[in-house]
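Subject: Structure handover

Hi,

Here is the structure for you to look over.

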Amino acid sequence: MTSWNDILKLGSGLYVACPSEDMPAPDGPRGECLWTIDATKCATKDTLFSEFARELRFPSYFGGNWDAFDECISGLEWLPCQSHLIVILNAPHLLKLGKDFGVFLSILQDSSAEWAGLYPGETLKVVLIVPEHDEAAFCSELEKAGGMTSSRISYANDALRQRIN
């Protein structure tokens with residue numbers, strides 16, 4: 001399995017990893033701001049928006065819809081750091097979003113890709129934490145959601161990558 005030190009060296013992107021004892025501490029690793037979202041609190045689109053708005057301190061103008069979410073997650077200019085590591089714990093709970101799961105993934109993937117081009121030297125990394133016993137099923141759902149394929153999601157866990165490719 002890839003260590004968190006290896007994940008921290010990666011560029012902007014959407015990653016899947018298993019929980020690990022060497023996960024970064026809440027004070028932010030290597031100058032990045034660390035933001036933690038617990039997916040058990042994100043069973044609906046509205047609760048997902050609320051959790052992200054609370055944790056990432058979305059501005060008061062955040063409209064609570066996908067366009068506003070996309071706008072906020074793509075900028076984050078109101079936050080005190082240039083690079084961001086968003087860790088989503090218990091990621092399989094996001095499957096409760098149904099069709100919105102694919103929209104959510106697409107926004108995260110597109111935002112992290114745009115970030116790399118717009119902000120050279122800065123990163124937006126989103127890591128979906130998936131317990132090892134849920135890996136295969138979750139990754140299967142990832143690939144079903146909105147046409148996401150293993151080429152669009154980076155797998156931080158080498159064993160996981162080998163299983164699904």
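Helix α2 (residues 45-55) packs on helix α3 (residues 66-75) at an angle of about 25 degrees, and their axes lie 11 Å apart. This is a predicted model: local features need pLDDT of at least 70, side-chain atom pairs count only at pLDDT 80 or more, and totals for chains, interfaces and linings use all residues. Residues are numbered from 1 along each chain as its sequence is written, and side-chain values use heavy atoms, with hydrogens and water left out.

On terms: helices (H or I, at least four residues) and strands (E, at least two) are DSSP runs, numbered from the N terminus. Axes are lines fitted to C-alpha atoms, for helices over the stretch in contact, and angles run from 0 to 180 degrees between N-to-C directions.

α2 and α3 are therefore roughly parallel to each other (angles under 35 degrees; over 145 is roughly antiparallel, 65 to 115 roughly perpendicular, the rest oblique). The crossing of α2 past α3 is left-handed (the near helix is turned anticlockwise from the far one by less than a right angle; clockwise would be right-handed).

Which residues meet? From α2 come K45, L48, F49 and F52; from α3 come W66, F69 and I73 (contact means heavy atoms within 4.5 Å). Six residues of this contact are nonpolar, none is polar and one is charged (Ala, Val, Leu, Ile, Met, Phe, Trp, Tyr, Cys and Pro count as nonpolar, Asp, Glu, Lys and Arg as charged, the others, Gly among them, as polar).

α3 is largely enclosed by the rest of the structure, because seven of its ten residues are buried (under 20% relative accessible area; exposed is over 50%, partly exposed in between; 1.4 Å probe, protein chains only). The buried residues are W66, A68, F69, C72, I73, S74 and G75. They pack against α2, β3, α4 (100-118) and β4 (124-129).

Now the cysteines. How many disulfides are there in the whole structure? The search finds one (a pair of cysteine sulfur atoms within 2.5 Å). C33 is joined to C81, S to S 1.8 Å. The torsion about their S-S bond is about -120 degrees, so the disulfide is left-handed. The pair links distant parts of the chain, 48 residues apart: C33 is in strand β2 (residues 33-38), C81 in the loop between α3 and β3 (84-89).

C33 is buried at 16% relative accessible area, and C81 is buried at 12%. C42 is buried at 0%. C72 counts as buried at 1%.

Best wishes
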